[in-house]
Amino acid sequence: MIKNMEKSKKTIIVHIFKILYCYTSAENPVTQIHITEYLKDIGIICDRKTVGRNIKYLQGMNLPIFKTYGTPAGYYYDKTKDTFLKVYDASQKQ
């Protein structure tokens with residue numbers, strides 16, 4: 001059985017993906033600090049560097065996660081360039 005602390009550490013990347021996918025856009029990016037605050041609100045404690053590292057892992061999987069500079073600055077998931085989930089969705093329909 002997985003302890004609560006272990007479970008929350010292992011699920012951080014899933015929560016970060018969900019935040020980026022569901023709640024961001026090029027016009028509404030989110031910062032690493034905002035992500036850490038959201039995770040804290042749901043009982044998962046981590047630092048900004050952990051969030052950044054997990055975002056890099058997601059980008060390494062060729063997910064369309066981009067960083068904006070200027071105002072507003074932050075990260076967002078570009079659903080218009082999403083081929084990963086479209087391929088997955090198509091394979092589920094067969």
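**Figure 1. Order of elements in the predicted model.** From the N terminus on, the elements of the protein chain run α-α-α-β-β-α. This predicted model thus presents four helices and two strands. Of the 94 residues of the protein chain, 32% count as buried. Among contacts between residues at least 6 apart in sequence, 50% join residues at least 24 apart.

**Figure 2. The aromatic pair of helix α1.** The structure holds four aromatic pairs. One of them is formed by F17 and Y21, which are stacked, with 5.7 Å from centre to centre and 20° between the planes. Both residues belong to helix α1 (residues 4–23), where they are four residues apart and therefore separated by about one helical turn. An α-helix has 3.6 residues a turn, so residues three or four places apart point the same way. Y21 is partly exposed, its relative accessible area being 27%. F17 and Y21 also belong to one aromatic cluster, together with Y77. K79 lies over the face of Y21, at 4.6 Å from the ring centre.

**Figure 3. The aromatic pair between strands β1 and β2.** F66 and Y76 form a tilted aromatic pair, with 5.9 Å from centre to centre and 40° between the planes. This pair links distant parts of the chain, as F66 lies in strand β1 (residues 65–68) and Y76 in strand β2 (residues 74–77), 10 residues apart. F66 counts as partly exposed at 30% relative accessibility, whereas Y76 counts as buried at 13%. Over the ring of F66 sits the charged end of K81, 5.2 Å from the ring centre.

**Figure 4. The surroundings of D82.** D82 is placed in the loop between strand β2 and helix α4 (84–92). With a relative accessible area of 4%, D82 is buried. The side chain of D82 makes a polar contact of 3.0 Å with the side chain of Y77. When its neighbours within four places in sequence are left aside, D82 is in contact with Y21, P64 and Y77. Two of these residues, Y21 and Y77, are also members of the aromatic cluster that includes F17.

**Figure 5. The two sides of helix α2.** Helix α2 spans residues 32–41, and its residues Q32, I35, T36 and L39 are buried. These four residues cover an arc of only 100° around the axis, which puts them on the same side of α2. The face turned away from this buried side carries the exposed residues K40 and D41. α2 is followed by G43, whose phi is positive, near 90°.

**Figure 6. Backbone features in two loops.** Most residues other than glycine have a negative phi, and most peptide bonds are trans. N62, a residue other than glycine, has a positive phi near 65°. This residue is found in the loop between helix α3 (48–60) and strand β1. N62 is exposed, with 65% relative accessible area. A cis peptide bond joins T71 and P72, with omega at about -5°. P72 has its place in the loop between β1 and β2.

Figure 7. T11 has its place in helix α1. The C-alpha atoms of T11 and I44 are separated by 9.0 Å, although the two residues are 33 residues apart along the chain. T11 is partly exposed, with a relative accessible area of 23%.

**Figure 8. The cysteines C22 and C46.** The structure holds zero disulfides. C22 is partly exposed, with 44% relative accessible area. C46, in contrast, counts as buried at 18% relative accessibility.

How values were computed. Residues numbered from 1 in each chain as written. Predicted model: local features only at pLDDT ≥ 70, side-chain atom pairs only at ≥ 80, totals over all residues. Heavy atoms only, no water. Phe/Tyr/Trp six-rings, centres within 6.5 Å; stacked < 30°, edge-to-face > 60°. Buried < 20%, exposed > 50% of the residue type's maximum accessible area, 1.4 Å probe, protein only. Lys NZ or Arg CZ within 6 Å of the ring centre and 35° of its normal. Arc of directions from axis to C-beta. Disulfide = S-S within 2.5 Å. Polar contact = N/O pair within 3.5 Å; in protein donor to acceptor, adjacent residues only side chain to side chain. Contact = heavy atoms within 4.5 Å.
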